[in-house]
Amino acid sequence: MPKVTRIKSKDREPEKNKDARVVARVSSGEKSSKKETVTEVSAKKSSENVVKVSGKNVDKKALVKKRRQDKKAAKQKEREKKRLERIEKRKNEPKWKKVLLFLPRLIIMPFAALGRYIHDSWIELRQVRWPSRKMTWKMFFAILVYVMILMVVVMGLDALFTWLFNFIIGK
């Protein structure tokens with residue numbers, strides 16, 4: 001993934017000239033090849049998010065997103081490699097050791113799952129955006145008014161049906 005470094009040219013001042021140029025140094029990102037390409041990019045507002053890499057226009061946001069995806073893929077690949085190493089290590093263990101280690105795991109696993117559940121719940125609770133005191137009172141009174149209106153409607157229907165049944169039965 002190419003690494004882009006933006007350097008403003010020193011020969012022009014952007015405040016005086018709207019067409020000031022920005023030099024972008026693009027390196028391949030590989031340690032073995034120190035190949036760098038220097039390209040110029042216009043600093044106009046319309047092309048502010050576009051960088052020219054090797055003659056092609058590339059969106060900066062897309063470039064950053066691609067870099068994040070590459071890092072994430074590398075981490076995932078490393079995790080998979082470690083997981084496969086653990087599996088290979090377990091295959092080479094003697095059978096008696098597997099049986100002996102299974103019993104403590106059987107006892108500990110439910111507690112580990114409970115701990116993981118509590119930890120994840122705590123993380124979710126920290127991400128909640130709690131309402132302010134003023135907003136809480138507004139919501140409380142809105143619900144209170146709604147419940148009162150619904151109560152009046154139910155009482156009205158109850159009175160209507162009571163009168164209707166008494167009228168039909170003839171009491």
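Helix α3, which covers residues 133-169, has 37 residues and spans 53 Å from its first C-alpha to its last, close to the 54 Å expected at 1.5 Å a residue (the expected span is 1.5 Å times one less than the number of residues). Just after α3, Gly170 takes a positive phi of about 95°. This is a predicted model, in which local features need pLDDT of at least 70 and side-chain atom pairs count only at pLDDT 80 or more, while totals for chains, interfaces and linings use all residues. Residues are numbered from 1 along each chain as its sequence is written, and side-chain values use heavy atoms, with hydrogens and water left out.

Taken as a whole, the protein has three helices and five strands, and from the N terminus on these elements run β-β-β-β-β-α-α-α; here helices (H or I, at least four residues) and strands (E, at least two) are DSSP runs, numbered from the N terminus. Of the 171 residues, 8% count as buried, where buried means under 20% relative accessible area, exposed over 50%, and partly exposed in between, with a 1.4 Å probe and protein chains only.

A search of the whole structure finds two salt bridges, each defined as a side-chain nitrogen of Lys or Arg within 4 Å of a carboxyl oxygen of Asp or Glu. One joins Lys66 and Asp70 at 3.5 Å, N to O, and these residues, four apart in helix α1 (residues 60-91), are separated by about one helical turn. Lys66 is partly exposed at 40% relative accessibility, and Asp70 is partly exposed at 30%. Arg83 forms a salt bridge with Glu80, with the closest N and O atoms 2.7 Å apart, and both lie in helix α1, three residues apart.
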